[in-house]
Amino acid sequence: MSNATPPPVPADVEKAAAAEATKADALPTRQSLRKKGRTAAGNAARAVSSPWGSVFAIVLAVLWTMPTLGLFVTSFRQQGDINTSGWWMAWSTPLTGENYATAFNGGSGNGTAMSQFFVNSIVITIPAVLLPLLLASLAAYAFAWIDFPFRNALFVGVFALQIVPLQIALLPLATWFNNAGLGGSFWSLWLSHTAFALPLAVYLLHNFMKEIPASLLEAARVDGAGHVRIFFQVLLPLIAPALASFGIFQFLWVWNDLLVALTMLGGSLQRAPMTMAIQNLSGQWGDKWFLTSAGAFISIAVPVAVFLALQRYFVRGLLAGGTKG
Amino acid sequence: MLVSFIHAAGTAESAGDKLISLVIGIAVFAAVFLGILGLASLFKGRVGERIQAIAFVGPTVLFIVAALVIPAALTIRRAFYNGKFFDLNFGTARTKAQFSGFENFQKLWTTPGLTEVIRNTALWVLLVPLVATGVGLIYALLIDRAKGEAVAKALIFLPMAISMVGATLIWKFVYNYNGAPGATQIGILNAIITKFGMEPINFLGTPVLNTFALIVIMIWIQAGFAMTVLSAAIKAIPDEILEAARMDGVSGFKMFRFITLPSIRSSIIVVLTTIAIGTLKAFDIVQAASGGKLRDGVLASEFYNRSFVTQEPGLGAAIAIVIFVLVSPIIAYNVIQMRKDA
């Protein structure tokens with residue numbers, strides 16, 4: 001995480017990055033060498049002197065990992081074994097990948113194939129990430145670099161709308177989509193996810209946009225470039241890390257969403273994302289843990305993979321204030 | 001023709017059609033918004049500047065007004081009407097919504113079960129931020145600059161990537177309960193309990209206890225967030241300060257109490273408030289566990305039930321307003337705090 005070039009990030013993170021940078025880049029003067037030695041010694045001393053601390057940290061880590069591990073192990077066990085012995089006895093029973101095949105292809109009846117919901121989740125998520133990214137970065141650019149009347153008032157208005165919880169907007173929106181004949185369509189999900197993402201996205205991206213040196217834009221303007229060209233050729237590449245941060249956020253948010261999907265789709269599973277399907281099927285499957293567990297991990301696999309691969313951007317987004325309830 | 005084409009793209013049924021509608025959806029969005037930009041860039045000079053500003057900001061403002069501002073206003077109005085349909089003009093003369101003043105807000109206190117929901121929500125909002133932040137802080141301190149810090153962090157952080165529905169499923173298995181006498185317990189908690197000769201516990205079926213069981217799930221999810229932010233804050237404390245304190249012979253708990261804690265105070269507040277907001281709005285855990293049917297509901301799940309299940313949109317709207325009123329001062333405070341720091 002520390003070997004990456006830090007992008008322009010606001011507040012705390014910037015301070016943290018700056019502190020890290022000074023630590024790393026300082027010339028090895030006698031003083032800093034001495035400090036290094038002492039810190040290392042201090043660390044060693046601390047590690048020896050606080051074995052309880054280490055034990056406690058390990059206990060916490062185990063506690064936090066155990067629940068996921070339990071269901072993960074279960075997803076590879078045979079149906080009979082799951083109900084006759086705990087997952088911690090899995091070493092004594094054979095393991096199988098069959099549960100995944102069954103859950104994925106829907107061996108348990110019509111409309112239960114996770115493959116179908118997997119496709120739905122992808123179809124819902126990709127436009128619901130791309131569209132707010134485009135719109136928010138356009139708006140953030142204008143708020144940061146184009147002078148127009150009521151600019152500040154409008155910006156405050158947009159970012160103040162972060163305070164509106166989804167709940168208060170859902171009922172009318174769902175009603176409108178129904179009346180327009182778009183109830184239960186992908187459009188209803190794409191458009192509502194986009195709208196709900198915008199206040200936070202504009203706010204975050206604006207913070208990044210502002211950090212870009214004005215001289216860069218000025219130079220482009222002198223060369224005769226208009227706003228549209230400056231935006232796509234100069235700004236967009238520069239804020240790519242910020243776009244990645246928010247993009248991952250929005251991706252996880254939409255992929256893991258249940259509330260918007262439930263309300264917009266009205267409970268129909270035809271275009272339901274995996275969260276909705278799993279919630280539904282876990283009721284239908286009841287104690288069929290071999291299916292529930294495999295289904296759950298099919299839905300968990302993508303966000304966890306994205307998270308592990310792009311953890312750096314994810315953490316950056318978090319620190320920049322990218323949390324949405 | 002075009003309209004039916006677009007409509008078809010949103011209502012595809014087979015997997016192939018759905019993927020095609022994905023492409024069409026992106027193409028439509030790109031065509032519309034890039035088209036607007038292209039047109040705007042044709043104008044030059046002062047007029048062009050204005051038109052480009054509109055092209056850049058307009059879509060966002062339009063989205064926000066249409067999908068947040070107006071709906072919020074409608075929901076607020078709806079809370080003052082009774083009736084079974086959200087649309088005030090919908091229904092027959094008998095079922096049509098009528099103005100009912102503050103009746104829906106009074107129902108918050110008089111409807112059976114709702115006081116329980118309010119109590120549960122209070123438990124959630126108190127316990128989740130405090131415990132999650134506490135655990136996150138302790139963990140961040142313990143693993144700071146330790147060997148394998150990155151892995152240790154990822155372990156605690158991973159639940160954040162998992163959907164709340166998935167997390168609830170994972171924990172349902174932990175809490176699994178088999179009431180048959182002498183039955184094998186496949187949930188690890190009840191396996192441990194019965195190992196010690198005690199009776200297994202129906203964690204998710206016993207009221208009040210089940211609320212605590214669900215609160216644990218939210219803590220499990222949020223601790224990683226607290227740990228990440230606080231760990232960054234701890235690392236941002238200047239070395240000179242720590243060094244100076246060490247010179248003065250400060251160490252151990254005193255170091256934490258008088259140096260670390262004051263330095264990360266504002267981060268702790270941001271973490272506490274952010275988790276409190278998330279907790280107030282979180283509906284997925286209760287929905288995935290029981291749908292709030294086992295007297296374990298919270299405001300966010302009750303909003304959904306009243307609005308969409310029991311067809312009491314007025315009461316649903318009133319609950320949404322309560323959530324809004326509870327959440328907005330915290331967010332406002334947070335945003336002001338963040339702008340101060342920035």
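Tutor: The following dialogue sets values of this model against the definitions behind them.
This is a predicted model, in which local features need pLDDT of at least 70 and side-chain atom pairs count only at pLDDT 80 or more, while totals for chains, interfaces and linings use all residues. Residues are numbered from 1 along each chain as its sequence is written, and chains are lettered from A and ligands numbered from 1 in the order in which they are written.

Student: Why does A:M276 count as buried?

Tutor: A residue is buried if 20 or more other C-beta atoms, placed from the backbone, lie within 10 Å of its own, exposed if 12 or fewer, and partly exposed in between. A:M276 has 24 C-beta neighbours inside 10 Å, and therefore counts as buried. Of the 325 residues of chain A, 51% are classed as buried.

Student: Where does A:M276 lie, and what does A:M276 touch?

Tutor: A:M276 belongs to helix α14 (residues 274–285) of chain A. Helices (H or I, at least four residues) and strands (E, at least two) are DSSP runs, numbered from the N terminus. Chain A has 16 helices and zero strands. Leaving aside residues up to four places away in sequence, A:M276 touches A:L258, A:A261 and A:L262. Contact here requires C-beta atoms, placed from the backbone, to lie within 7 Å. A separate value concerns A:I126, 150 residues from A:M276 along the chain: their C-alpha atoms are separated by 17 Å.

Student: What makes α8(A) and α3(B) roughly perpendicular to each other?

Tutor: The axes of helix α8 (residues 166–179) of chain A and helix α3 (residues 45–78) of chain B cross at roughly 90° and come within 7 Å. Axes are lines fitted to C-alpha atoms, for helices over the stretch in contact, with angles running from 0 to 180 degrees between N-to-C directions. Angles under 35 degrees count as roughly parallel, over 145 as roughly antiparallel, 65 to 115 as roughly perpendicular and the rest as oblique. The two helices, α8(A) and α3(B), are therefore roughly perpendicular.

Student: Which classes of residue form the contact of α8(A) with α3(B)?

Tutor: That contact has 10 nonpolar, one polar and no charged residues. Ala, Val, Leu, Ile, Met, Phe, Trp, Tyr, Cys and Pro count as nonpolar, Asp, Glu, Lys and Arg as charged, and the others, Gly among them, as polar. Among the residues that meet are A:I168 and A:P172 in α8(A), and B:L68 and B:T75 in α3(B).

Student: How many residues do chains A and B bring into contact with each other?

Tutor: In chain A, 102 residues are in contact with 101 residues of chain B. Helix α6 (residues 114–145) gives the most to the chain A side, with 15 residues. By class, that side has 64 nonpolar, 33 polar and five charged residues.

Definitions and conventions:
Contact = placed C-beta atoms within 7 Å.
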